[in-house]
Amino acid sequence: MHVDAHHTIEDAGIVLGEVLKAALGDKRGIKRAGFWMYLVDEALAQCCAGFIRSPVLVWDVDFPPAIGDFPTELFEDFFGIYQRARRKCACKVHYGRSDHHKIEAVFKALTIATKENRLRN
């Protein structure tokens, strides 16, 4: 059911966070942290994802209030997924002209950083 953009995005992040938390189980054999930088055209983002006792989200990303009709504050709300999964997450955009490229770089850097937490060989 559609309520509003804020609750829809936030709830999607909460559900995905709970799924990630359940999938991680007791975390045995999983690396403590993953880090990645990603370049999309002219935009560079770096993200770190890892495990800590208290969940935290560090969000050092500047956007205008909206990209098209989408309120950009909702990106940070969505990444509450990591807090819900009891993980730490830090994202920073170093530079970029296109807001579309900046958020794409964040999503890709964070996805790969999370993948870097995979099971150790």
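Trainee: Let's start with S98. Buried or exposed?
Mentor: S98 counts as buried, because its relative accessibility is 15% and the cut-off for buried is under 20%. Keep in mind that this is a predicted model.

Trainee: Where does S98 lie?
Mentor: In the loop between β6 (87-95) and α4 (99-115).

Trainee: And what does the side chain of S98 reach?
Mentor: The backbone nitrogen of H100, at 3.3 Å.

Trainee: OK, the sheet now. Which strands form it, and in what order?
Mentor: Four strands, in the order β1-β2-β6-β3. The sheet is open, and the pairing is mixed.

Trainee: Which strands stand at the edges?
Mentor: β1 and β3 (56-60). Each has a single partner strand, so one side of each is left without a neighbour in the sheet.

Trainee: How are neighbouring strands turned against each other?
Mentor: By 10 degrees on average, ignoring direction.

Trainee: What about β1 and β2, in which sense do they pair?
Mentor: Antiparallel, over eight bridges. β2 covers residues 43-51. Within this sheet, L39 stands opposite L44 in β2.

Trainee: What holds strands together in general?
Mentor: Strands of a sheet pair through backbone hydrogen bonds, either parallel or antiparallel.

Trainee: Back to α4. Which strands does it touch?
Mentor: α4 packs on the sheet and touches β1, β2, β3 and β6. The direction of α4 makes about 30 degrees with that of β2.

Trainee: New topic, cysteines. How many disulfides are there?
Mentor: The count comes to zero.

Trainee: Last one, G29. Where is its place?
Mentor: In the loop between α1 (5-24) and β1 (33-40).

Trainee: What separation do the C-alpha atoms of G29 and N117 have?
Mentor: They are separated by 9.5 Å. Along the chain, G29 and N117 are 88 residues apart.

Terms used
Residues are numbered from 1 along each chain as its sequence is written. This is a predicted model: local features need pLDDT of at least 70, side-chain atom pairs count only at pLDDT 80 or more; totals for chains, interfaces and linings use all residues. Side-chain values use heavy atoms; hydrogens and water are left out. Helices (H or I, at least four residues) and strands (E, at least two) are DSSP runs, numbered from the N terminus. A disulfide is a pair of cysteine sulfur atoms within 2.5 Å. Buried means under 20% relative accessible area, exposed over 50%, partly exposed in between (1.4 Å probe, protein chains only). A polar contact is a pair of N or O atoms within 3.5 Å; within protein, one must be able to donate a hydrogen and the other to accept it, and residues adjacent in sequence count only if both atoms are side-chain atoms. Two strands pair if DSSP finds at least two bridges between them. Axes are lines fitted to C-alpha atoms, for helices over the stretch in contact, and angles run from 0 to 180 degrees between N-to-C directions. Contact means heavy atoms within 4.5 Å.
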